[in-house]
Amino acid sequence: MTDFPQLPSSFLWGVSTAAFQIEGSTTADGRGPSVWDTFTAIPGVIRDGHTAEDACDHYRRWEEDVSLMAELGLTGYRFSIAWPRIQPYGKGEVNAKGLAFYDRLVDGLLARGIEPVPTLFHWDLPQALEDEGGWLQRDTAHRFGEYAAIVGDALGDRVTSWITLNEPFVHMAWGYALGVHAPGRLLLLDALPVAHHQLLGHGLAAAALRERGATQIMVSNNCTPVRPASDSAADRAAADAYDTLHNRLFNDPLLLGRYPDLSAYGTDLDGVVKDGDLALISAPLDALGVNYYNPTEIVAPAADLGLPFEESRIEGVPRTAFDWPVVPDGLRELLAGLRARYGDALPPLYITENGCSSADEVVGGRVHDPERIAYLDGHLRAIAAAIGEGADVRGYFAWTLLDNFEWAEGYHQRFGLVHVDHETQARTPKASFAWYRDLITAHRAP
Ligand code: BGC
């Protein structure tokens, strides 16, 4: 670790997880069905028909998992709260047993000196709300605000740092536009209101949490630096259109209080955005959560398939098991781009997800995962470089603690610092776990 650039002593060292991907126990203690339970039950949509009924059994093994976090020396843990555990049908009555799980978890974290950073929505909408239109309906934003108030009442005496939404872009695009994630709607551009309703939900939830003592509120946006495949005007226009959809559609309203020009998509969200919405959405954030995995290269579409861009393959770089390009400097580029675009309107940043999948196996009780170490090392160095250039990055949450249920890929992609045997639930810390632990120790040492 001697040649590793020193990150600020106040830097928050964390890992990130999501309820549906790790908890299992999907019918325990009164939990209601979520859109992901419904979706995973449809034959053919999840690779090899995997389901998350057991996931990592974290609902029952959480103490063991918190011990692993303590062993890493973490100072923060980002997890998500399953709305259908709190309100099984998305509105009305509170399920005390579901709430009690997060209450225990928060106390367990605090007892180990780990700051709890809950995310209120990581894609597991109560199915009952989806039956009424889900995030296509404005009403869902109001239900989300009520749910935030319930959770804030229960945990707000100990939790001060909150994330309202996880990756509203990915949820809109994969869940409502392309149909490859729950709720499996294939609406293409008709999915755009889902962006606004999630952001409105954020605004309502943030206001409810503030009233309950929250001092740090964030959204975790999936951000990608977008590169045109060539310098041609057509490719640059296509890249600009993609950047608008993936990045600006979610960052501009939060940070600038307005939507970007959506004319490339033939809409201005007229009729969807009501008076007062943008003021609520743009109430100052204390920090922005940035989830970064890779940059995106865009070309002008070869055929008219209804979208103003096409993705092209980034060549000449290593790739993860998921076939995602590994470009650590893309994170530095992204952080510099955010500063250039938003200037003084950009709040402090946390990297709330970053990591890679690899084909890890336990051999003789050990898991050798040099690709993950190289990935994390490269990206943390990119953060240090960005801080050197003036970026205000306050912390890092590696994705993720445990090999888990990777959405449409089932258990095929292993992103964890800890290997999980999905038959026995045995946890085996990987070589990257020791690497991350040592890096944290080196930074936390007086
Ligand atoms: C999501 C995680 C997911 C990870 C890797 C992010 O988009 O927030 O839930 O597991 O990427 O695919």
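# Note on pockets, ligand shell and backbone

1. The lining of the second largest pocket is made up of seven nonpolar, four polar and four charged residues.

2. The model is predicted, so local features need pLDDT of at least 70 and side-chain atom pairs count only at pLDDT 80 or more, while totals for chains, interfaces and linings use all residues. Residues are numbered from 1 along each chain as its sequence is written, and side-chain values use heavy atoms, with hydrogens and water left out.

3. The second largest pocket holds about 240 Å³ of space. Its lining has 15 residues, and T224, P225, V226, D243 and R341 are the closest to its centre. On a 1 Å grid over the protein atoms alone, a pocket is an open set of points with protein on both sides within 12 Å along at least five of seven lines, a cavity is a set where a 1.4 Å probe fits but cannot get out, and lining residues have an atom within 4 Å of a point.

4. Which elements each supply at least two residues of the lining of the second largest pocket? They are strand 6 (226–228), helix 10 (233–256) and helix 12 (329–342). Helix 12 gives the most, with six residues. Helices (H or I, at least four residues) and strands (E, at least two) are DSSP runs, numbered from the N terminus.

5. An N or O atom in the side chain of Q21 is 2.8 Å from a ligand oxygen. For H122, the distance from a polar side-chain atom to an oxygen atom of the ligand is 2.9 Å, and for W399 it is 3.3 Å. The protein covers 95% of the 310 Å² of accessible area that the ligand has on its own (Shrake-Rupley method, 1.4 Å probe).

6. How many cavities of 30 Å³ or more does a search of the whole structure find? There are two. The largest cavity holds about 50 Å³, a volume being the space filled by probe spheres set on the grid points, which are joined across faces, edges and corners. A19, F20, E23, G24, T26, R31, A52, A82, R85 and D124 line the largest cavity. By class, these are four nonpolar, two polar and four charged residues.

7. The second largest cavity holds about 30 Å³. Its lining consists of T17, A18, A19, I22, E23, H58, Y77, F79, S80, F101, Y102 and L105. Helix 1 (19–22), strand 2 (76–80) and helix 5 (96–111) each give two or more of these residues. The lining of the second largest cavity has eight nonpolar residues, three polar and one charged.

8. The whole structure has 36 salt bridges, each a side-chain nitrogen of Lys or Arg within 4 Å of a carboxyl oxygen of Asp or Glu. R143 and D139 are separated by about one helical turn, because they are four residues apart in helix 7 (residues 138–155).

9. The backbone has some points to check by eye. The peptide bond from A182 to P183 is cis, with omega near 10 degrees, and P183 lies in the loop between helix 8 (168–177) and helix 9 (193–211). The bond from W399 to T400 is also cis, with omega near 15 degrees. T400 is in the loop between strand 13 (393–399) and strand 14 (418–420).

10. S25 is not a glycine, yet its phi is positive, at about 45 degrees. S25 sits in the loop between helix 1 and helix 2 (35–40).

Terms used. A polar contact is a pair of N or O atoms within 3.5 Å; within protein, one must be able to donate a hydrogen and the other to accept it, and residues adjacent in sequence count only if both atoms are side-chain atoms. Ala, Val, Leu, Ile, Met, Phe, Trp, Tyr, Cys and Pro count as nonpolar, Asp, Glu, Lys and Arg as charged, and the others, Gly among them, as polar.
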